[in-house]
Structure formats: structure tokens, C-alpha cells
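Work through the exercises below with the sequence and the model at hand. Each task is followed by a stepwise solution.

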Amino acid sequence: MTIDAELVSDAAPTAVIDIPEDAIGQDLQSDRPAGRWRSVAAGALKWIVVRPFQTASLIVLLAVLAAIPVFQLVALGYLLEVSGRVARGGRLRDGLFLLDQAGRIGTAIVAILVMSLPIRAVATWTEAARLVNPAGNAAAVLQVVGTLLVVAIAAHIGWVWFRGGRFRSYLWPRPIQFLKQVWRPATWIEARDRLWEFVASMQLGKLFWLGTRGMLATVLWLLLPAAILIGTTRDGQTGLAAIVGAVGFILMAIVLLYLPFLQARFAAENRWRAMFEVAPIRAGFAASPIFYWLGLTLTLLFAVPLYLLKIEATPQEVVWLPCILMVAFMLPARLMTGLAVGRGQRRTPGATRWHLLLRISLRLLCLPVIFGYLGIVFLSAFTSWDGLATWVQQHALLVPVPFDAGV
């Protein structure tokens, strides 16, 4: 690199810097690989570590909500919104949302569990000191240490959440900045506003309203065939009861053929009437039969293993544990039904003989899937803790919980 100074005027000397072009090219080439590798490493970390952790946190959070009365409708609303977003956007990655919020909550829970270990250890030592030497000062000193630990850890977690709740903030909380700002009233006002913004970003009210309307419309679809099946199962001693029960079976099969996709379309358009418009679903099946068949199969077959959880009631304290399995199974099904509805709305039915044969074949393949599922539900009515109510409490279409309440 060479530098030539040239006097342009007596009052304003200007330095003209001459940099060889090879040096510029060499510098840029030396910087590009490093930046590219950093970008690749960040992307790999996001999809290998961050996204799986956020998804797991989301599933656990939905399972806890599904186990709490009233909040169950929030969990149902989320599952409906998942299918609705995919139906609107046409891509599976559009379905899962609130991942960042769920990841922050999951990180906070893990941090609390890890940071509480020293507090538990000090509490154990305090109890041991009282038993060994009741008259000594060791127990009192340890109790003071435990109190200070609680205050310090609570301040640490609160400060981390004030800074955004990121994982790196737990590792280095910037204590000097904390000591400078914790005494300012503006800090507490900002913390209140950030907490409110975070709660509002969860969209709990919207999801609750969507889940409430979706549940009511779904129950209206299930009510008639479920009432027929419950009545004939109780009084199934006559030939007439068998005939009426067969009619109920057929009605329930027709409902199951359309209802998962009606729910996705209802969530996509956010219209009550969309839950009762069958013609667009029929047109969508004709346009994209493979994805409709996959959506129906995943919705019903993924629900079959979960009926094993209905055989015996679970204690109320751990009702959310089987809900984790239910949410984990139902999320892929909701994604697929949304994808099927979205593709059906954007495509036109094929006019060739191949497309016609494909549609007829897949319609026929829907029958063993539906009637196989109904057979499992029929057996579950005799083995389930809820008995005949299992015809209405279908977690594949309603709240992802195996029973109304534990014991």
C-alpha cells in the first residue's frame, strides 16, 4: 500500500490514498469465507438445537394448557390455527408459530430448575445442621445463605427476562448494568410494559375465541351420530337397535370424512359458516386427493394409539403428561390437513383418466381408514374410563386431552 500526499491549495491540504486493487480483492476474499462459515454455523445451531428445543417447549406448554379447564380451549385454538395458517400460506413452515415465546418460557423453566439446585442443597444442609446441632449457629447461617441465594437467583432471572429472556443472557447477565438500572423507576415501568407485550404476543384471547367456536361447531357435527351410537350401544338388544346403530356408524363416517378439513378451512377463513360448507371440501379433494387422503389418515391413525391412555384415569397432578403425547401426535395431523386444504384451494382437478382413477381409488382407501378408526372408538366405549362419552370426546378433533379430568 502506498500513500501520496498532494497539496491542492495553500489553505486546504488533502491526502490522496492510493490502494492497490489486489489488496482490496485479497481482503474481501479473506473476509468472505469467515462470514460464510459463521452464517452456516448459526443456521445449523438454529435448526439442530434451537428449533427442536422451542418445539419441545411448545408441545409441553400446550399439554399443560390442555390439562387445565377453560385453557383447554386455548390449546384447541392453537391446533386449529396451525392448520389454518398452513391452509392460507400453503407451506408447512407457516404452521408452527409462537416458537420464540415458547422457547423463552422453556428456557426460563430449565434455568429455574438448574438454579434451584444450590437452594435445595442449602435447605438440605440447613435441616441436617438443625438435627446434628440444634443449639449451634450453623443452621441459622445456612438459612441466611439460602435466603440470599433465593433473592439473587430471582433478581438474576428477572433481569434476564427484562433483557429479552435469551439463553446467552442467563450465562452473562451484565451485573454492572443491572446495578446501574435497578434503582431507576423507568426500569420498572419498562419491565411492566415488556411483560405486557410478551403476554399479548401469545394471542391467548384470539386462540381461546377460535377454540371455543371450533369446539361448538365440531360438537354440532358430532352430536347426532354420537347420540345415535350412544343410544344404540346402551339398548342394543334388538334388531332395530342394530339397524339404527349401523345408520349412526355411517353418519359418523361421513362426518369424519369432512370434519378435519372443515376445521382447517374454518381456521383459515375465520368464518363460522365455513364449518358447514361441504362443497369446497369436495372440490378440494378432487383437486388434491393424495394430500386429502394423507391428512385424513394422519388425523385418524395418529389418534388410535392414544385411546390406550383412556383405559385408566390418570391422577389430576399428572394429567398433562399424556397430553404431551396427544399434542405431539396431533400437531403433524393438523399440519397435513391444513396443507391439503391449501393445495385443494389453489389447484384445479385434473381432467385425465389417470386423475379420475386416482380420485376413485383414494376415496375407496378412505373407507378402511375411517371404519378402522370407528372400530377402535367402539371398543374404547367399553374400555375407556369415560365410557360411552368417548363418542363425543374425540381428541383427534376436539381438545387434545384423554379425559375431562383426572382422579
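A salt bridge is a side-chain nitrogen of Lys or Arg within 4 Å of a carboxyl oxygen of Asp or Glu. The model is predicted, so local features need pLDDT of at least 70 and side-chain atom pairs pLDDT 80 or more, while totals for chains, interfaces and linings use all residues. Residues are numbered from 1 along each chain as its sequence is written, and side-chain values use heavy atoms, leaving out hydrogens and water.

**Exercise 1.** Describe the salt bridge between Glu-127 and Arg-130.

Step 1. The N to O distance is 4.0 Å.
Step 2. Because the two residues are three apart in helix H3, about one helical turn separates Glu-127 from Arg-130; helices are DSSP runs (H or I, at least four residues), numbered from the N terminus.
Step 3. Buried means under 20% relative accessible area, exposed over 50%, and partly exposed in between (1.4 Å probe, protein chains only).
Step 4. Glu-127, at 43%, is therefore partly exposed, and so is Arg-130, at 38%.

**Exercise 2.** Is Arg-104, the partner of Asp-100 in a salt bridge, buried or exposed?

Step 1. The closest N and O atoms of Asp-100 and Arg-104 are 3.1 Å apart.
Step 2. Both residues lie in helix H3 (residues 99-132), four residues apart.
Step 3. Arg-104 has 17% relative accessibility and therefore counts as buried, whereas Asp-100, at 29%, counts as partly exposed.

**Exercise 3.** Which residues does Thr-218 touch, beyond four places in sequence?

Step 1. Thr-218 lies in helix H8 (residues 204-234).
Step 2. Its relative accessible area is 0%, so Thr-218 is buried.
Step 3. Thr-218 touches Leu-259, Gln-263, Met-275, Leu-397 and Leu-398, contact meaning heavy atoms within 4.5 Å.
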